[in-house]
Structure formats: structure tokens, C-alpha cells
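Please read the following note with the structure in view.

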Amino acid sequence: MDSLLFLCARRVVTRRPLPALPTDLYPVLFQVAFLDGRPSVLRDLVSAWPFPVLHFQRLVGRRDLLRDHPCKLCVQAVFQAVVAQLRRPLEEPGQRSSLRVLDMTRLSESVSGHTPPGLTVWSSTKALAKACMEASKQQEEFQRRGSKRHKGCSGAATVTAVPQPSGVDVHADLFVDRRSYGILRDALQTGAAGPLRLKCREFKAVDISASEIVTLLESLDPSCLRRVELCFNYFGLTGLSVILPHLSRFPELRSLKLRYSNVDLRHLTPESANGIRCVAKQLGMLPSLRELNLGSSQLSGNLRQILCDLQAPLESLELGSCSLAPADLAFLSQSFHAPALKKLDLSGLNVSEGLLEPLRLLLEETSASLLHLDLLGCHMNDSHLDTLLPTLRRCSRLRFLGLYGNSLSMAALKDLLQKTLELPDLKMVVYPYPMDCYKPAPSEFGWDFEEVVDEELLAAATTEIFQLLENSGRTDLVWTYNPFSHEALDYFSL
């Protein structure tokens with residue numbers, strides 16, 4: 001239920017122009033104007049913002065209300081108001097605004113962006129880049145006008161007294177693809193000394209070249225960047241060797257995700273062996289690195305060679321669909337990473353290919369620290385789970401367990417449930433459709449060999465699991481067969 005203050009603020013934002021307001025009402029008015037979709041009111045509020053910092057996510061972070069919220073126009077209104085605020089000292093010398101920092105980080109955690117009118121992190125990056133370009137252009141225009149007005153009799157331009165706005169630092173997570181690359185490149189290159197300065201906390205690039213990524217990285221403020229994600233870029237070891245040296249200039253870089261980078265080490269050549277050594281050396285030059293994602297890289301026994309130069313243990317390691325060999329898991333078990341790991345993703349591991357015992361030993365070594373374990377699609381059956389279960393029960397801090405896509409019976413799942421109730425921090429288990437819930441698929445020619453889920457059997461199994469949780473007093477523990485029902489959590493500090 002909304003507070004009385006919130007309800008009163010909702011009445012206030014229906015009036016425009018806004019009345020004179022106490023400064024302590026601005027945050028709740030901003031939240032209400034955003035939630036109610038009032039971009040004009042947001043422009044008024046930001047134009048008169050009385051504080052040095054406007055932290056967007058803290059103001060509108062009521063995620064239950066923001067689901068599928070059509071907020072694109074509202075976010076654009078915030079950017080437009082900041083640009084207008086920067087123009088005011090140029091047009092009216094002596095006018096000064098209070099705003100110095102606009103924090104738009106974690107925007108992806110505040111808005112869903114799944115509906116047509118919704119904001120996506122991609123469109124917000126493009127809108128922010130356009131705002132930076134607009135702010136720089138308006139400053140250049142006023143400087144040109146001032147220079148013309150102050151020319152001396154000889155025709156030579158004298159030193160002008162064009163007012164310089166103090167500027168606003170915009171902390172943001174930047175997401176770039178081919179459609180937004182050009183405008184973001186220009187904004188970063190021209191805006192470093194401009195009135196609206198981008199400070200990137202998280203950088204994600206999808207489907208652009210290694211040279212384009214380097215161009216953007218060279219333009220980022222070295223003091224701010226903490227995460228880099230390069231996805232679907234397919235540049236292989238050669239491209240990584242071009243990019244990674246440019247990451248060493250970011251001392252606070254803690255997370256590096258290299259998903260679908262076309263790294264294939266299954267058939268080593270002298271050239272690829274040299275590439276591995278180069279990549280390992282460059283990873284070793286990232287002293288703050290704590291999270292690494294090599295998803296869909298074909299490592300095939302070469303994990304030791306990739307991680308051998310890291311200076312500190314990883315807290316999060318994602319190796320989904322990486323064609324891991326027993327030697328990879330053995331290395332991890334014996335490495336200084338194992339007792340520090342909080343998140344481990346081994347999705348796609350084929351435990352039927354001699355990997356079950358190496359996996360069990362690895363889990364033994366990580367059991368004291370592990371919070372998140374994802375074993376999605378690991379070709380696991382009841383006997384495999386029975387072998388791992390004693391070790392899983394020793395993971396006393398475990399919060400998340402992902403088993404979706406494995407071939408487990410209802411009996412095995414009920415045994416897992418009963419034996420993991422003792423884990424006090426466990427909050428979510430993503431389980432597969434029980435094998436008991438499948439039936440042959442009918443066709444016009446009889447019965448197909450493929451099987452489909454029987455919805456009635458699945459509903460009965462779901463009810464039984466819920467009842468077991470309720471009877472055990474663990475209604476705080478979520479069991480779900482929907483692998484998309486949860487959002488990834490950070491298990492290390494940023």
C-alpha cells in the first residue's frame with residue numbers, strides 16, 4: 001500500500017507548472033512522475049533539481065511497479081532536462097545549477113524493456129549519447145557567438161568571456177551494437193571535455209569488431225569501468241589478443257565476460273598455443289579481476305593454460321558449454337580459485353563422459369564458499385545426482401541450485417528436496433521436468449518416438465513439491481521448473 005506522502009505527491013504532479021516545493025519533496029515527486037509517465041513534470045523537476053546528485057535507480061527502483069513500464073519517454077525527458085540545465089548558464093550568465101552527477105547505472109535492473117514502448121538498455125545508451133552530443137554542440141555554438149561579439153577593431157578575436165558551465169558527470173552502463181556504435185563513439189570522443197561527460201561503469205558490446213571495441217575502450221574513463229562483456233563478436237584468440245591489452249588501463253575492472261567469442265582450443269596448433277599464452281598473460285595484467293565468463297569457448301583441457309597468470313582468485317567462474325575435460329576440473333579443484341568461488345556455472349558439462357568424479361571433487365573444494373551452482377543440461381540422471389548429493393549437502397552457504405535440463409525422476413527430486421532443506425541459505429532450485437511427467441507424442445501415423453510433457457502430470461508434481469515445502473516450513477524456498485523465472489544475482493561486491 002502506498003504511503004500518504006506518495007499519494008499526496010501523486011496529486012501534486014497532476015498540476016503544471018509545479019508550485020514552489022520544499023527540496024526534500026523532490027525525490028518522491030520524481031518517483032511518482034516517473035511511475036505515472038509524466039515526462040513534462042520530470043523535465044521541470046530535473047531542471048530545478050536542488051541536489052548535487054540524481055541517482056536514477058535509487059529514486060525509481062520499485063521493481064514491482066516498473067515491470068513492463070513504458071518509461072522510454074520519461075528517461076529521455078531526464079536527459080533533455082539535463083541538457084537544458086547546462087544551456088541556462090550560457091544564456092543567462094550568473095545562473096548556476098546544483099546538479100553535478102547524474103547516475104544512470106543499473107538501469108537494466110530498474111526497467112524491463114520487454115514491451116514496445118518500454119526502454120531498453122540499448123536505446124538508453126543511444127539516447128544518452130545523443131544528449132552528450134547535443135550538449136557539446138550547444139556549448140560550441142555559444143562559444144562561436146561569443147567570439148564574434150568580442151572581436152576587436154583589427155578584426156582579430158580577443159579572449160572571450162563566454163561562460164563555461166560546470167558540467168555534469170553521467171555515470172552509466174553502456175550497451176553498444178552496430179546500430180549505436182557510431183553515435184556512442186562520437187559522444188565519447190567529443191564529450192570527454194564537454195559539459196556532459198560519460199563515466200562508464202559497465203560496458204557491453206555485441207556483434208562489433210575487435211578494432212571498434214578498442215576504439216570505444218580507449219575513450220572510456222579509466223577510473224570508472226568495472227565490468228566488460230563482449231558477446232557474439234566471434235573474434236577468437238586473435239581478436240582477444242587485440243582487445244585484452246587495452247583492459248589493463250582499468251584498475252577497477254572486476255568482471256570480464258567473453259561469451260560466444262569463437263575460442264576453439266580442441267585442435268591446438270603452434271599458432272593457437274601461442275595465442276593461449278598471450279591471452280593468459282593479458283588476463284594476468286588485470287589485478288582486480290574477480291569474475292570471468294568464457295561461455296561457449298571450446299577449452300578442451302586448456303583451462304589451466306588460460307588461467308595460469310591470474311594474480312588473485314576468482315569469485316565467479318562461468319564455463320557453460322565449454323567442452324571441459326577431466327583435466328580442467330582437476331585443475332580447478334587444486335587451484336587457489338576453488339575455495340574462493342561463490343558462483344560456478346558448469347552448464348552443458350557431460351557428466352557421463354568421465355566427469356562425475358572430477359565434478360564431485362571440485363564441489364568438495366568449493367563447498368565452504370559456493371553460493372550459486374548451475375548444472376543445467378549436464379546429462380545427469382538419478383544415479384549421478386545420488387553421487388553428488390552428499391557433497392551438495394556440504395555446500396552450507398548455497399543460495400541457488402540449477403538442475404534444469406537433466407533427466408531426473410520425481411523420486412530423485414523429492415529426495416533432493418528433503419535432503420537440502422537443511423541448507424539455511426538456499427532460496428531457489430530450478431529443477432527439470434520430472435521424467436515421470438513425459439508421455440509419447442501422438443502423430444497422425446501413431447506414436448512418435450519423441451516425448452512431450454503431460455501438463456496434468458506436471459501440475460500434480462508441482463503441487464506435490466509445493467506441499468512438501470509447506471509441510472517442512474520452508475515456504476521461503478522456491479522450487480521452479482522455469483529456467484527464466486529468476487534474475488542473475490551478483491555474488492561479489494562491485
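Which strand do 3 bridges join to β6? Strand β7 (residues 291–293) is joined to β6 by 3 bridges, and the two run parallel.

1. Basis of the note. This is a predicted model, in which local features need pLDDT of at least 70 and side-chain atom pairs count only at pLDDT 80 or more, while totals for chains, interfaces and linings use all residues. Residues are numbered from 1 along each chain as its sequence is written, and side-chain values use heavy atoms, with hydrogens and water left out.

2. Helices (H or I, at least four residues) and strands (E, at least two) are DSSP runs, numbered from the N terminus; two strands pair if DSSP finds at least two bridges between them. In β7, Glu291 is the bridge partner of Ser255. The chain passes from β6 through helix α11 (residues 270–283) to β7 in a right-handed β-α-β crossover (with the strands pointing away from the viewer, the path from the first strand over the helix to the second runs clockwise). Strand β5 (residues 227–231) pairs with β6 in the parallel sense over 5 bridges, and Val228 has Leu256 of β6 as its bridge partner. Together with helix α10 (residues 236–243), β5 and β6 make a right-handed β-α-β unit.

3. Burial of β6 and β3. Of the 5 residues of strand β6 (residues 255–259), 4 are buried (under 20% relative accessible area; exposed is over 50%, partly exposed in between, with a 1.4 Å probe and protein chains only). Strand β3 (residues 168–176) has 8 of its 9 residues buried, so β3 is largely enclosed by the rest of the structure.

4. Neighbours of β3. Strand β2 (residues 101–103) pairs with β3 in the parallel sense over 3 bridges; the partner of Val101 in β3 is Asp169. β3 also pairs in the parallel sense with strand β4 (residues 196–206), over 9 bridges, and Val170 stands opposite Leu198 in β4. β3, helix α8 (residues 181–191) and β4 make a right-handed β-α-β unit.

5. Aromatic rings. The structure holds 13 aromatic pairs (rings of Phe, Tyr and Trp, its six-membered ring, with centres within 6.5 Å; planes under 30 degrees apart count as stacked, over 60 as edge-to-face and the rest as tilted). The ring centres of Trp49 and Phe51 are 5.7 Å apart and their planes lie at 75 degrees, so this pair is edge-to-face. Trp49 is buried, at 3% relative accessible area, whereas Phe51 is partly exposed, at 28%. Ring pairs link Tyr26, Phe30, Phe34, Trp49, Phe51 and Phe56 into a cluster.
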